[in-house]
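Hello,

Here is the structure I promised to hand over. Have a look at it first, and then read on for what turned up.

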Amino acid sequence: ILIVILIAFLVWRMKPAKGVKTISTAELKGMLNDKDKVFVDVRTPGEFRGRNITQFKNMPLGTDYSKLPKDKEIVVICQSGMRSKQACSQMKKLGYEKVTNVRGGMSAYR
């Protein structure tokens, strides 16, 4: 029973937030030079300094995201995809329509 509960919990945690598009790191690579997108990395400043993607702006989880443009797609990444999922949910609550989470985060980016 505990194993079933654990599996159900993991499936629930990996499910994308409502209204949030999810992409792979391979799809991300094809859109990095798109000027109609804003790229946000929600990891800590230390994690960001250690390894980052040039196009991404560091805005750690908990930052005021309301200053981001609402007319562009916001692409969000973190280390594994969990914090970025939370940030995407926060952005949706702030009224952002086009929010995309990078599945697997920097751990999956090669």
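Let me start with a cysteine: cysteine 78 counts as buried, because its relative accessibility is 0% (buried means under 20% relative accessible area, exposed over 50% and partly exposed in between, with a 1.4 Å probe and protein chains only). Cysteine 88 also has 0% relative accessibility and so counts as buried.

Before going further, please note that this is a predicted model, in which local features need pLDDT of at least 70 and side-chain atom pairs count only at pLDDT 80 or more, while totals for chains, interfaces and linings use all residues. Residues are numbered from 1 along each chain as its sequence is written, and side-chain values use heavy atoms, with hydrogens and water left out.

Cysteine 88, in turn, is in no disulfide. With a disulfide taken as a pair of cysteine sulfur atoms within 2.5 Å, the count is zero.

Now the overall fold. The chain has five helices and five strands, where helices (H or I, at least four residues) and strands (E, at least two) are DSSP runs numbered from the N terminus. Their order along the sequence is α-β-α-β-α-β-β-α-β-α.

The radius of gyration, taken over C-alpha atoms, can be set against a globule rule of 2.2 Å times the number of residues to the power 0.38. For 110 residues a compact globule would have a value near 13 Å, and the 14 Å of the chain agrees with that. The C-alpha trace spans about 50 × 30 × 25 Å along its principal axes. Of the 110 residues, 37% count as buried.

Leaving aside residues up to four places away in sequence, lysine 70 touches Leu94, Gly95 and Tyr96. The C-alpha atoms of lysine 70 and leucine 94 are 9.6 Å apart, although 24 residues separate them along the chain.

Enjoy exploring it!

Best wishes

Terms used: Contact means heavy atoms within 4.5 Å.
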